[in-house]
Amino acid sequence: MIQKAIEYSKAWKWSWLQYVVLAALSFFNMYFIESPTLWIRVLIAIGLLSSPFIPYVRRFTLPAMAIFAWLITFYAVKFIPNDIKPQHIFVNLLPTLERVIYGANLSEIISKHTHPILDIFAWIPYGVIHFAFPFIFSFLLFIFGPPGSLAVFGQAFGYMNLAGVLTQLLFPTSPPWYELSYGSAPADYSVHGQPGGLARIDDILGLNLYGTTFGSSPLVFGAFPSLHSGCATIEMLFLSWLCPRLRPYCVFHVMWMWFATMYLTHHYLIDLVGGSIYATLAFFFFRRYLPTIRPNCTTRLDYIQSKIPVKKSFANFVRSIEMEKFIMKLESNQSQDTEALLMKEQEESDHGHIHQENINSYDHIPLLSVRKSSPLKVLMTTRGSVSDDYNSLPSASTSSTCSEPPSPTTPGTLHFDAYLENEYKQH
């Protein structure tokens with residue numbers, strides 16, 4: 001781990017400064033947190049600090065550092081002393097701007113007419129999809145998106161929520177349910193949160209889920225900006241980037257969330273617009289870091305350029321988390337296979353060459369020597385060795401005229417070898 005830390009220090013990038021800021025903010029918040037106990041907080045801090053050096057784990061925790069900082073900040077708000085929080089809580093600002101900009105308090109108009117079907121219709125996006133969709137979409141983006149897109153989404157999602165929580169903390173504003181319960185009375189931090197229209201969902205389900213959850217909310221006066229709207233907007237922006245054909249649904253989903261938040265008296269329309277602005281700014285800022293989508297690629301494994309086919313298996317998807325190592329391993333296997341193939345081709349080539357030499361060699365094939373008197377078959381085994389028939393041929397010493405030059409058919413001479421080759425070619 002120390003060696004990896006040294007390697008990272010040598011390859012320092014200014015973009016890593018963001019993690020220093022996020023760590024400082026998280027430690028500041030942990031200083032005020034009273035529960036859980038100190039040793040559990042220390043273990044959490046050690047786990048977050050060591051996660052960038054753990055293979056596979058770092059690919060998820062490093063882009064999610066902004067998400068962790070957002071969650072820690074949101075949780076720590078209830079432990080921060082009230083005397084260091086902003087003392088003025090804006091109660092009339094949002095409803096006044098609502099009437100000035102839109103001509104009426106749209107949240108109040110929409111929430112007047114309630115029905116159990118509308119309650120369920122509003123609860124689905126606000127109380128179910130809002131909490132489940134980030135995990136589902138992250139999984140789909142990891143499988144079907146190009147490598148690196150999930151990390152960009154995690155950073156954009158985290159920074160958008162972190163900016164929203166800091167705005168809610170430094171600029172406290174009351175939600176519509178406060179106006180319905182307390183009117184224009186000044187607010188203070190002793191007021192507990194209320195579930196608003198979600199209390200009717202508790203009645204339908206026979207539970208006290210949202211009453212308890214919102215009653216212990218750490219950030220009661222955080223109407224602006226609406227992070228329900230911000231999350232829905234940034235998720236749909238990334239979804240439309242990944243699959244442009246779903247853009248009509250993306251628009252419907254955001255409008256559905258807007259209706260739900262106003263119907264359940266948790267946000268004004270201006271809060272929703274503000275949340276969508278935060279999300280849009282985050283998306284367009286991080287969009288420059290998004291990889292290019294290839295139309296012919298359906299999963300992240302299709303983006304790997306390799307001569308070796310990459311099977312779409314669970315093991316390969318896990319290996320692709322460390323994409324650089326996975327590609328290096330594929331290239332290594334490819335080079336080994338190529339080397340083995342070349343060696344095989346070389347062996348076949350050498351074998352074929354030897355075989356060709358054997359075919360062209362006159363030392364291993366039968367030759368037919370034709371004499372005027374009678375045909376004679378001569379089998380050359382090795383150069384310089386002949387059969388018995390070969391020894392029975394007349395030699396220069398048995399010739400009738402020994403002083404005459406050797407005949408081309410005289411055995412044991414170069415002329416004789418040439419003669420045999422010529423005879424073989426003619427026959």
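A crossing is left-handed if the near helix is turned anticlockwise from the far one by less than a right angle, and right-handed if clockwise. The model is predicted, so local features need pLDDT of at least 70 and side-chain atom pairs count only at pLDDT 80 or more, while totals for chains, interfaces and linings use all residues. Residues are numbered from 1 along each chain as its sequence is written, and side-chain values use heavy atoms, with hydrogens and water left out.

**Exercise 1.** Determine how α8 and α13 are arranged and what kinds of residue form their contact.

*Solution.* Step 1: helices (H or I, at least four residues) and strands (E, at least two) are DSSP runs, numbered from the N terminus. Axes are lines fitted to C-alpha atoms, for helices over the stretch in contact, and angles run from 0 to 180 degrees between N-to-C directions. For helix α8 (residues 116–144) and helix α13 (residues 227–242), the axes come within 11 Å and cross at roughly 30°. Step 2: this makes α8 roughly parallel to α13; angles under 35 degrees count as roughly parallel, over 145 as roughly antiparallel, 65 to 115 as roughly perpendicular and the rest as oblique. Step 3: the crossing of α8 past α13 is left-handed. Step 4: contact (heavy atoms within 4.5 Å) involves residues of α8 including Y126, F133 and F144, and residues of α13 including L227, E235 and W241. Step 5: the residues of this contact comprise 13 nonpolar, two polar and one charged. Here Ala, Val, Leu, Ile, Met, Phe, Trp, Tyr, Cys and Pro count as nonpolar, Asp, Glu, Lys and Arg as charged, and the others, Gly among them, as polar.

**Exercise 2.** Carry out the corresponding analysis for α6 and α15.

*Solution.* Step 1: the axes of helix α6 (residues 93–102) and helix α15 (residues 269–286) come within 8 Å, crossing at roughly 85°. Step 2: α6 and α15 are therefore roughly perpendicular to each other. Step 4: seven residues of the contact are nonpolar, none is polar and two are charged.

**Exercise 3.** Identify the buried residues of α11 and state what covers them.

*Solution.* Step 1: buried means under 20% relative accessible area, exposed over 50%, partly exposed in between (1.4 Å probe, protein chains only). In helix α11 (residues 198–205), L198, I201 and D202 are buried. Step 2: these residues lie on the same side of α11 because they cover an arc of only 100° around the axis; the arc is that of the directions from the helix axis to the C-beta atoms. Step 3: their cover includes α8 and α12 (209–215). Step 4: G206, which follows α11, has a positive phi, near 70°.

**Exercise 4.** Which residues have a positive phi although they are not glycine, and are they buried, partly exposed or exposed?

*Solution.* Step 1: Y56 has a positive phi of about 70° and is located in the loop between α3 and α4 (58–61). With a relative accessible area of 36%, Y56 is partly exposed. Step 2: T265, in the loop between α14 (247–263) and α15, has a positive phi of about 60°. T265 is buried, at a relative accessible area of 7%.
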